[in-house]
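Got your viewer open and a selection tool ready? Let's take a short walk through this one, a stop at a time.

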Amino acid sequence: MRFEIMRLDEVNGTTVDSKVVDAASVNRIVQQAAAIGQRLWIRPADEPAA
């Protein structure tokens, strides 16, 4: 499964940038963001139709 991770602006909460990563990478990214107090929004990425 893949997830879209969006980094949010500290002032108004708008999306600054985003990337799509695999499930194995989510934990590492969340740990890094928590260490510096960064706000993230994580949601499942759209899967292409089979």
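What follows is a tour of a predicted model, strand by strand and then on to a helix.

**Stop 1: the sheet.** Switch to cartoon view and look for the open sheet of 3 strands, which pair antiparallel in the order β2-β1-β3. Select 15-22 for β2 and 40-44 for β3: these are the edge strands, each pairing on one side only. On average, neighbouring strands here are turned by 20° against each other, direction ignored. If you're wondering what holds such a thing together, strands of a sheet pair through backbone hydrogen bonds.

**Stop 2: the strand in between.** Now select residues 2-8, which make up β1. Is β1 mostly covered or mostly open? It's mostly covered, with 5 of its 7 residues buried.

**Stop 3: from β1 to β2.** Show side chains for phenylalanine 3 and you'll find its bridge partner in β2, valine 21. Then try isoleucine 5, which stands opposite lysine 19 in β2.

**Stop 4: the turn.** β1 and β2 form a hairpin, with 6 residues between them. Click on glycine 13 in that turn, where phi is positive at about 75°.

**Stop 5: the other neighbour.** Back to β1, this time with β3: 5 bridges join these antiparallel strands. Pick arginine 7 and look across to leucine 40 in β3, which stands opposite.

**Stop 6: the helix.** Finally, select 23-36 to bring up helix α1. Helix α1 lies across β1, β2 and β3, running at about 140° to β2.

Definitions and conventions:
Residues are numbered from 1 along each chain as its sequence is written. This is a predicted model: local features need pLDDT of at least 70, side-chain atom pairs count only at pLDDT 80 or more; totals for chains, interfaces and linings use all residues. Side-chain values use heavy atoms; hydrogens and water are left out. Two strands pair if DSSP finds at least two bridges between them. Helices (H or I, at least four residues) and strands (E, at least two) are DSSP runs, numbered from the N terminus. Axes are lines fitted to C-alpha atoms, for helices over the stretch in contact, and angles run from 0 to 180 degrees between N-to-C directions. Contact means heavy atoms within 4.5 Å. Buried means under 20% relative accessible area, exposed over 50%, partly exposed in between (1.4 Å probe, protein chains only).
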